[in-house]
Amino acid sequence: MNSASPPRHTRIAGTGSHLPPRRLSNDDLARQLAAQGIETSDQWIVERTGIRARHFAADGVACSDMALDAARHALEAAACKPEDVDLIIVATSTPDMVFPSTACILQAKLGIVHGCAAFDLQAVCSGFVYGLSVADAMIRSGAARRALVVGAEIFSRILDFTDRTTCVLFGDGAGAVVLEASDAPGLLASELHADGRHVGILCVPGTVAGGRVSGDPLLKMDGQAVFKLAVGVLGDVARSVLEKAGRSEADIDWLIPHQANLRIMQGTARRLKLPMDKLIVTVDEHGNTSAASIPLALDHAVRSGRVARGDTLLLEGVGGGFTWGAVLLDY
Ligand code: ACO
């Protein structure tokens with residue numbers, strides 16, 4: 001590559017992830033909720049969502065701790081050192097602090113002292129796809145050469161465990177990729193969207209004011225509204241990135257959607273006329289880990305040998321905001 005001109009492409013050099021050790025099956029969670037007088041069952045959760053278990057972080061573990069472990073694995077897979085990174089983006093809705101960013105805390109924990117840019121990105125469950133797209137643009141503009149893009153979440157801390165319609169859906173975890181400038185693709189096309197008219201259907205409405213939490217700091221969701229919007233926008237944005245890249249549905253080796261709900265994921269695969277065996281599914285074991293779900297699923301698929309170098313992947317995110325987006329890439 002000519003070092004004077006910006007690189008033409010961005011590629012994924014390595015992936016990593018972290019799951020907290022504490023795993024709760026649906027039965028474990030149902031027992032815990034029953035002790036509070038809340039009724040649910042493995043059968044209800046599996047039938048409606050495909051979720052069988054989730055992982056919850058221990059008290060005292062911060063979002064940046066999980067991000068750190070995922071980032072270390074991604075750096076190792078990319079055969080690079082923390083100091084090789086010149087951009088850090090952490091997609092999260094559950095940061096360590098109001099400020100500074102979890103990305104700055106991660107930078108310090110990685111021991112990076114050369115002053116690279118680091119910031120958090122808030123697009124809820126679409127955060128990782130947003131992060132990939134932003135890092136890709138910065139790399140192709142020449143503003144960065146090697147980026148760490150992380151999705152990390154501790155949703156267990158913002159769940160209302162008296163609301164069985166939401167608390168059974170989410171889990172904790174982190175996933176990371178190292179992106180680097182490359183002569184060959186790489187990321188082929190991406191597209192990001194938001195529609196702020198739907199703020200209220202999935203939100204944590206509380207905030208900090210005057211030294212107190214003001215408003216409700218726990219997750220609220222209109223599940224059916226989210227469901228309907230998600231299936232529609234995911235199909236549309238998938239077709240749009242394929243068209244941008246001059247590819248078709250038949251070129252997709254693996255669909256890695258946000259792992260919210262198996263029925264939404266299967267609906268998207270059907271709209272794209274993809275066989276179900278091209279769908280990467282980890283929601284069964286991870287639950288919905290919001291911004292962490294796509295990089296977690298990607299890393300699991302890479303490490304299990306399903307996703308191989310040269311495969312074409314379609315990553316799709318959708319979440320609060322309402323936000324959605326997709327990235328098509330050759331891995
Ligand atoms: N256990 C047992 N029963 C339950 C539970 C539970 N955990 N939760 C709700 N129910 C009951 C309800 O009380 C209701 O009972 P009723 O008929 O006696 O009133 C019944 O089950 C049906 O409730 P609905 O809310 O209508 O259930 P629905 O079929 O819509 O499924 C779900 C709910 C799974 C949330 C569904 O709407 C959905 O998949 N939505 C998509 C949203 C999603 O996945 N969000 C994840 C976050 S968003 C994101 O990441 C993009």
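Residue numbers start at 1 in each chain as its sequence is written, and side-chain values use heavy atoms, without hydrogens and water. As the model is predicted, local features need pLDDT of at least 70 and side-chain atom pairs count only at pLDDT 80 or more, while totals for chains, interfaces and linings use all residues.

**Ligand site**

The shell around the ligand has 24 residues, each with a heavy atom within 4 Å of it. Thr-40, Arg-48, His-258, Asn-261 and Asn-288 come nearest. By class, the shell has eleven nonpolar, nine polar and four charged residues; Ala, Val, Leu, Ile, Met, Phe, Trp, Tyr, Cys and Pro count as nonpolar, Asp, Glu, Lys and Arg as charged, and the others, including Gly, as polar.

Polar contacts are pairs of N or O atoms within 3.5 Å. Among them is one from Asn-261, where a polar side-chain atom lies 2.4 Å from an oxygen atom of the ligand. For Gln-224, an N or O atom of the side chain is 2.8 Å from a ligand oxygen. Gly-223 takes part through a backbone N or O atom, 3.0 Å from a ligand nitrogen. The protein covers 75% of the 1000 Å² of accessible area that the ligand has on its own (Shrake-Rupley method, 1.4 Å probe).

The ligand takes up the space of the second largest pocket. A pocket is an open set of points on a 1 Å grid over the protein atoms alone, with protein on both sides within 12 Å along at least five of seven lines; a molecule sits in it if more than half of its atoms lie within 2 Å of its grid points.

Two or more shell residues come from each of α2 (42–49), α6 (164–167), α7 (223–245), α8 (262–271) and β14 (312–319). Helices (H or I, at least four residues) and strands (E, at least two) are DSSP runs numbered from the N terminus. The largest share, four residues, belongs to α7. The ligand lies between domain 1 (9–184) and domain 2 (188–330), because both give residues to the shell; the domain bounds come from an automatic or database assignment.

**Backbone features in loops**

| Site | Backbone value | Loop between |
|---|---|---|
| Phe-99 and Pro-100 | cis peptide bond, omega about 0° | Pro-100: β4 (87–91) and α4 (102–110) |
| Gly-321 and Phe-322 | cis peptide bond, omega about -5° | Phe-322: β14 and β15 (323–330) |
| Val-124 | phi about 50° | β5 (117–121) and α5 (127–140) |

How values were computed: A polar contact is a pair of N or O atoms within 3.5 Å; within protein, one must be able to donate a hydrogen and the other to accept it, and residues adjacent in sequence count only if both atoms are side-chain atoms. On a 1 Å grid over the protein atoms alone, a cavity is a set of points where a 1.4 Å probe fits but cannot get out, and a pocket is an open set with protein on both sides within 12 Å along at least five of seven lines; lining residues have an atom within 4 Å of a point.
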